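Subject: Structure handover

Hello,

Here is the structure to look through. My notes on it follow below.

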Amino acid sequence: MLDLNTIVSNKNPKRLAVKLTAKGENYVQQGHPWVFSDSIVKINNNAQTGDLAIIFGKRKNGMIGIGLYDAHSPIRIKMIYSDGKPVQIDTTFFLRKIEQAYQKRVPLLKTKTTSYRLIFGENDGFPSLIADVYDSVLVVKLYSEIWLPYLKTILESLIETSGCKTVVMRLSRGLQQSDSHELKDGEVVYGTLENDVVEFVEHGVNFSANVIKGHKTGYFLDHRDNRRQVGLLSKNKTVLDVFSYAGGFSVHALANNAKAVTSLDISAQALDIAIQNGKLNSYSGQHFTLAGDAFKILEQLISEKKRFDVVVIDPPSFAKQQSEIQLAKKKYAQLARLGEQLTAREGLLVLASCSSRVSAVAFYDINDHALKATKRSFSLEQKTQHDIDHPIGFPEGAYLKCAYYRFLD
């Protein structure tokens, strides 16, 4: 275990004077958190990652915002303040921002839930930083070196606000390969961790997350309310959970007395976790698993004339870059068609997307077109986005889309 006092960057951040293009200036004044390199007109020659970029407006030459300079990203300045009023970037500044973020999560914490996202990157004013809480364990994931000079202060404020007893650091691939720090991915930097797998509660349902080796910070918290709703809609039903990962939808369905649940994922290891998560709860239904390529297995289930009362299809992002958007749209249409064929009479099909580059409008249009082509009667029961601990602070922050389709025949 590291002591927080050892998490100190060797670099003392400088203050940079920055001038932007008119378009870039407008974005900052509108509260957008990204300043791309081609929007910068003037900046200090010796700018380094982590320096405070003080952005001055053209009209009155007054400060309009403050960001952190990132020499390694096309998003050259990541904004942390855009109020335009004078402010000191210090411990009090970060603590106040973290406390404001915490207050947004209070309604969630009044439910039977002990896991939540305390900091949602740009949307909470902390670009390239995520902080998730699992019971008494805080998992902080860094995606940029911009935070290294401020990390000790931020971790102390996160601990003070959350009351967590343990802190685990997770690093992006780029940071894992960087030699500008001594942090290691999965390192416990505060307190002690008795077990890599941490148990927590989500709306009264028990789960676990591997905070050292699991994807992202160990679990996907954004779909929490959708999992709760699917659980409530699964009583005495047969359920198919496609791209199930650790069984989020599956376990909620089982805990709510589903008759039988089938979890499908390409990772046999993830399915083992899904089984274990199920066993953390008492349930009477059956839990089946299918390991392999989702598209192929869905085709196989259709050929076997299998049908389910509830079908949930929540794939990973299909469009991580601009060039993949068209293929992603084709895959969403294909999944909608496959899902319909597996949904029983009067059944429910839940389709989701976490591809930020595919807009909500485009995603819902794809589903609508694919389902109407089947000639089955259906109704759109609801559209949902992220849960309350994933507030949307700017357009690109709204990546999660989910829709519930009820078939009438």
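Strand S15 has six of its six residues buried, so S15 is largely enclosed by the rest of the structure. Buried means under 20% relative accessible area, exposed over 50% and partly exposed in between, with a 1.4 Å probe and protein chains only. Helices (H or I, at least four residues) and strands (E, at least two) are DSSP runs, numbered from the N terminus.

Before going further: this is a predicted model, in which local features need pLDDT of at least 70 and side-chain atom pairs count only at pLDDT 80 or more, while totals for chains, interfaces and linings use all residues. Residues are numbered from 1 along each chain as its sequence is written, and side-chain values use heavy atoms, with hydrogens and water left out.

Cover on S15 comes on both faces: Ala260, Thr262 and Leu264 are buried on one side, and Val261, Ser263 and Asp265 on the other. In a regular strand the side chains alternate between the two faces of the sheet.

The sheet around S15

S15 belongs to an open sheet of seven strands with mixed pairing, in the order S16-S15-S14-S17-S18-S20-S19. Two strands pair if DSSP finds at least two bridges between them. At the edges are S16 (286-291) and S19 (378-384), each of which pairs on one side only. From one strand to the next, the twist averages 15°. Helix H7 (residues 268-279) packs on this sheet, where it touches S15 (260-265) and S16, and its direction makes about 170° with that of S16. Contact means heavy atoms within 4.5 Å; axes are lines fitted to C-alpha atoms, for helices over the stretch in contact, and angles run from 0 to 180 degrees between N-to-C directions.

S14 and S15 run parallel and are joined by five bridges. S14 (residues 238-242) also runs parallel to S17 (residues 308-313), with four bridges between them. Val242 can be followed in both pairings: its bridge partner in S15 is Leu264, and in S17 it stands opposite Ile313.

Another strand pair

S7 (residues 115-120) is mostly covered, with six of its six residues buried. S7 pairs with S8 (residues 129-134) in the antiparallel sense, over five bridges. Within S8, Ile130 is the residue that Phe120 stands opposite.

Two helices in contact

The axes of H2 (residues 91-109) and H3 (residues 151-162) come within 9 Å and cross at roughly 40°. H2 and H3 are therefore oblique to each other; angles under 35 degrees count as roughly parallel, over 145 as roughly antiparallel, 65 to 115 as roughly perpendicular and the rest as oblique. On the H2 side the contact is made by Thr91, Phe94, Leu95, Ile98, Glu99 and Tyr102, and on the H3 side by Thr153, Ile154, Ser157, Leu158, Glu160 and Thr161. These residues divide into six nonpolar, four polar and two charged. Ala, Val, Leu, Ile, Met, Phe, Trp, Tyr, Cys and Pro count as nonpolar, Asp, Glu, Lys and Arg as charged, and the others, Gly among them, as polar.

Two single residues

Glu25 lies in H1 (residues 22-29) and counts as buried, at 5% relative accessibility. Leaving out residues up to four places away in sequence, Glu25 touches Leu20, Phe56, Gly57, Lys58, Arg59 and Ile64.

Gln334 is in H9 (residues 325-342) and is partly exposed, with a relative accessible area of 29%. Its C-alpha atom is separated by 22 Å from that of Thr289, 45 residues apart along the chain.

Regards
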